[in-house]
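Below are some questions and answers on how terms are applied to one model. The structure comes before them.

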Amino acid sequence: MKTSRERILERLRAGRQGSHFLPSRSDADIFTWHARDREVAIAAFADKLTALKAEFYRVPHAAAAAQQLKTLLLPLVSSDADARPQFLRHAAELLESVVAQEAWLQTAITVLEADLPHREFASYKAGITTVEFLVARTGSLVVSSAGSGGRRLSVLPPFHIAIATAEQVTSSLEEALAGFRKSGREHLTSGLTIITGPSRTADIEKILVLGAHGPKRLAVILIG
């Protein structure tokens, strides 16, 4: 007779036989809404995201994104802090193009190194990442470990800022996953994470508390 552990491992091994794990139900089984064009999708994404107590900023170009990013970060700078940067980002081409627009960002934000100890990670006030896609139906961010500087950058700092382009907005999660597979980036990452609003819990007396298991604050800067 098999033990519970053996039965669980058996199911996990059976699940690995397929090339990808996909939800058993289609997105379309749950949602009937579908954006007729990208502008509608962006508007829906903004509505959903802000309803989740996150922040949404749409800007026309990289220079405006740099100004918006500076506006978000400046109030967080501690006057008594040492000269070390207080913000982290990963080395993505989109982030490079934004940071290059503003001299203050170049000195205030440091590029994440893979071997940064967890203890030092906790001292940074914001993590800045790109995304793979934004999902309009749910206001969700789809981030990969390769595209967002590993698994820690969007989780450990108390403020997560994601910078994306309008072309990355999709109607549904299915479209986002299909786009990711089509991009050929699967072999570069160990996992995808779907972020829907700031970290939250209402376990105690159904009182909503933000920042329970991850960033308390989430902002998206959309270029285009």
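Q: In this predicted model, which residue of S4 is the bridge partner of Arg89?
A: Arg89 is bridged to Ile128 in S4.

Q: Why are strand S2 and strand S4 called paired?
A: Pairing requires at least two bridges between two strands. S2 (residues 87-89) and S4 (residues 126-129) have three bridges, in the parallel sense, and therefore count as paired.

Q: What makes strand S1 and strand S3 the edge strands?
A: The open sheet has six strands in the order S1-S12-S7-S4-S2-S3, with parallel pairing. S1 (55-59) and S3 (109-111) each pair on one side only. Between neighbouring strands of this sheet the average turn is 20 degrees, direction ignored.

Q: How do you know which strands helix H4 touches?
A: Contact means heavy atoms within 4.5 Å, so the strands that H4 (residues 62-73) touches are S1, S2, S3, S4, S7 (159-165) and S12. The direction of H4 makes about 165 degrees with that of S12.

Q: Where does helix H3 lie?
A: H3 (residues 38-51) lies across S1 and S12 (217-223), and runs at about 150 degrees to S1.

Q: Why do Thr130 and Gln168 count as lining the second largest pocket?
A: A lining residue has an atom within 4 Å of a pocket point. The second largest pocket has 13 such residues, and Thr130, Val131, Glu132, Gln168 and Arg185 are the closest to its centre, so Thr130 and Gln168 belong to the lining. The volume of this pocket is about 210 Å³.

Q: How many residues of that lining are nonpolar, polar and charged?
A: The lining divides into six nonpolar, five polar and two charged residues. Glu and Arg count as charged.

Terms used
Residues are numbered from 1 along each chain as its sequence is written. This is a predicted model: local features need pLDDT of at least 70, side-chain atom pairs count only at pLDDT 80 or more; totals for chains, interfaces and linings use all residues. Side-chain values use heavy atoms; hydrogens and water are left out. Helices (H or I, at least four residues) and strands (E, at least two) are DSSP runs, numbered from the N terminus. Axes are lines fitted to C-alpha atoms, for helices over the stretch in contact, and angles run from 0 to 180 degrees between N-to-C directions. On a 1 Å grid over the protein atoms alone, a cavity is a set of points where a 1.4 Å probe fits but cannot get out, and a pocket is an open set with protein on both sides within 12 Å along at least five of seven lines; lining residues have an atom within 4 Å of a point. Grid points are joined across faces, edges and corners, and a volume is the space filled by probe spheres set on the points.
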